[in-house]
Every structure is written in structure tokens, then in C-alpha cells.
Amino acid sequence: MKDIEAFGPGEIVLQEGTKGTSAFIVMSGAVEVLKRSGDREIVVATLGEGQVFGEMGLIEDRPRSATVKAMTELKLRVISREGFNTLLQRKPSVLIPIIKSLFERLRQASDLLAEGIAGGGPQEQAFDVLLEGQTAEARQALGDCKRTLTQFPFLIGRDSKNTETDVFYNNDLFLREKEPYRVSRNHLAIHNERGAIWVIDRGSAFGTIVNGKEIGHKTGVTRARLDKPENQVIIGPATSKFIFLIKVRQRRA
């Protein structure tokens, strides 16, 4: 397999249920991630430049868990197990996106085990998820725009000077905050799993408040299901200035 591969719009990169041991980094273009639900496939995420998929193939020999299809002209960096070892010695910086993704999966699996939550569950569902700020600080973090979430998990945490090189630091939205900090470097994730949208605290120091209920911190509960069409999320304690509204609508077939 070549280190760089190109695909045209509509071409299948990975097929759900097939075997594979390579990971992929999107260099240009976009892909959609599809999961089979009953007798149909639904789009559960779209991924763009710099994002990763197929990384679990590097460490396990299970069938692929989703189909990935090119949405546009697409260029991918392909990293095999052998290539991973070579890059680790010669050019480890190339592997940072994959390592970050693997660490995030490990964090999520650890949280599920700690809470005694079994994997699997209801069939996959497609959702339209809109993130908007309710405070000036939250709106500023979003560039004074509402943001449609098309990838899951969507990771939020405090901004840092070392976002590119720190493999333990992985976010899609960075919040700028001055001391004393209330937002953790890896604070929360918004995830589409087990047929619902969830907010998951990623081990933050001050927790997260979802629709008035605290998760994380000292509660022993790391996740909250977004059951309402509009859900308020406070990142940090009740005094935090980062207050967001997450609107969730199930997409019809």
C-alpha cells in the first residue's frame, strides 16, 4: 500500500465489516463515516483535513466498524503497522494525530468501565447537532457563529501554546481563559453513541453542568444524555463564563 492515496468523490475508502490494519489521516478533502443500522446506512460523521480514521486497525484485528466514503477529491496519508514503527523512529511528529485519537479512545473506554456501562446498545442514529454560545465568552470561542457538529466525538478544552505537539492535548474547540482556570485542558466531549447524543466529562478539575445537573468532578458520573431539543452546558462550575446551548434533532431517514 502506498503512503499517500487519492480517491474521487463517492469512492469507498473502508468498508464496514472488512479487515484492515492501516490508519488514515486526511491531507485534503473530506469523507463521510457511515454505519449500518438495520437495513440502511446512516451518516454519523464527516471528517476533514487533519482528522483521523481507521486508527483502531493499528492495534486490533477486528473488522472495520464503519464504512468511510470520499465526499470530494480526497488525499490520504496511509499508515500501516510497519509504517507506524518506522515513523515512530524517524518522524514521530507525523503520528501525533493518530496517537491523540488513540488516547481519546482509551479515555472513553476507561470511563465506561469505571461506570460499569456495557458497550453496544441501540442502533446508530443520525442527528443534527448545533452548538451556540449563550455568553460573550462562549460566542467568542465560536467566532460569533453557531457551529454545526459533523464529527464525533467533538472535543472541547482550554487553549494552550502546545496544542500541536502535546500528544495528551486533543481538542476541536479551544477556550481561551485567564487564571484562575476553571476549564481543563481536556474538558468534555460531545459524542454520538448508543443511539443518542451525550456530553462526556473527560476528567476535568471542576466538572461540567448539563441541564442543571453536574457530571464529572466528584460526582462519579462522567456522562449525561441530551434528551431535550435544547440543552444548556456549563463548562466548569456554575460560575463559569463558558455557557453553551446544544440543539439536538434526530435526522429523519
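## Reading the features one by one

Q: How many aromatic pairs does the structure hold?
A: The structure holds one aromatic pair. Keep in mind that this is a predicted model.

Q: How do I describe a pair like that, and which residues form it?
A: A pair of aromatic rings is described by the distance of the centres and the angle of the planes. Here the partners are Phe 24 and Phe 53, with 5.1 Å centre to centre and 10° between the planes, and the pair is stacked.

Q: Are Phe 24 and Phe 53 buried or exposed?
A: Both Phe 24 and Phe 53 are buried.

Q: What holds strands together, and how do strand 3 and strand 6 pair?
A: Strands of a sheet pair through backbone hydrogen bonds, either parallel or antiparallel. For strand 3 and strand 6 the sense is antiparallel, over two bridges. Within that pairing, Ile 25 faces Val 52 of strand 6.

Q: In what order do the four strands of the open sheet come?
A: The order is 1-8-3-6, and the pairing is antiparallel. The edges belong to strand 1 (4–7) and strand 6; each has a single partner strand, so one side of each has no neighbour in the sheet.

Q: Let's move to strand 13. Which way do its side chains point?
A: In a regular strand the side chains alternate between the two faces of the sheet. In strand 13, Leu 188, Ile 190 and Asn 192 point one way, while Ala 189, His 191 and Glu 193 point the other way. The strand covers residues 188–193, and six of its six residues are buried.

Q: Which strands pair with strand 13?
A: One of them is strand 11 (residues 154–158), which runs antiparallel to strand 13 and is joined to it by three bridges. Look for Phe 154 opposite Ile 190 there. Strand 14 (residues 196–201) also pairs with strand 13 in the antiparallel sense, over six bridges, and Glu 193 stands opposite Ala 196 of strand 14.

Q: What is there to see in the hairpin of strand 13 and strand 14?
A: Two residues lie between the strands, and Arg 194 in this hairpin takes a positive phi near 50°.

Q: Where else can I find a positive phi in a residue other than glycine?
A: Asp 144 belongs to the loop between helix 3 and strand 10, and its 65% relative accessibility makes it exposed. Then there's Asn 211, whose phi is near 50°. Asn 211 is in the loop between strand 15 (208–210) and strand 16 (213–215), and at 29% relative accessibility it counts as partly exposed.

Q: Which residues are joined by cis peptide bonds?
A: Phe 152 and Pro 153 are joined by one, with omega about 0°. You'll find Pro 153 in the loop between strand 10 (147–149) and strand 11. Glu 179 and Pro 180 are joined by a cis peptide bond too, again with omega about 0°; Pro 180 is in the loop between strand 12 (173–175) and strand 13.

Q: What lines the second largest pocket?
A: The lining has 14 residues, and those nearest the centre of the pocket are Arg 176, Glu 177, Lys 178, Glu 179 and Pro 180. By type, the lining divides into four nonpolar, two polar and eight charged residues. The space in this pocket is about 300 Å³.

Q: Which arginines lie over the face of an aromatic ring?
A: Arg 158 lies over the face of Tyr 181, at 3.9 Å from the ring centre. Arg 223 lies over the face of Trp 198, at 5.8 Å from the ring centre.

Q: One last stop: how far apart are Arg 139 and Phe 242?
A: In sequence they are 103 residues apart, but in space the distance is 8.7 Å, C-alpha to C-alpha. Arg 139 is part of helix 3 (residues 136–141) and counts as partly exposed, at 37% relative accessibility.

How values were computed: Residues numbered from 1 in each chain as written. Predicted model: local features only at pLDDT ≥ 70, side-chain atom pairs only at ≥ 80, totals over all residues. Heavy atoms only, no water. 1 Å grid on protein atoms, 1.4 Å probe; cavity = no way out; pocket = protein on both sides within 12 Å on 5 of 7 lines; lining within 4 Å. Points joined across faces, edges and corners; volume = space filled by probe spheres on them. Nonpolar A, V, L, I, M, F, W, Y, C, P; charged D, E, K, R; others polar. Buried < 20%, exposed > 50% of the residue type's maximum accessible area, 1.4 Å probe, protein only. Pairing = 2+ DSSP bridges. Phe/Tyr/Trp six-rings, centres within 6.5 Å; stacked < 30°, edge-to-face > 60°. Lys NZ or Arg CZ within 6 Å of the ring centre and 35° of its normal.
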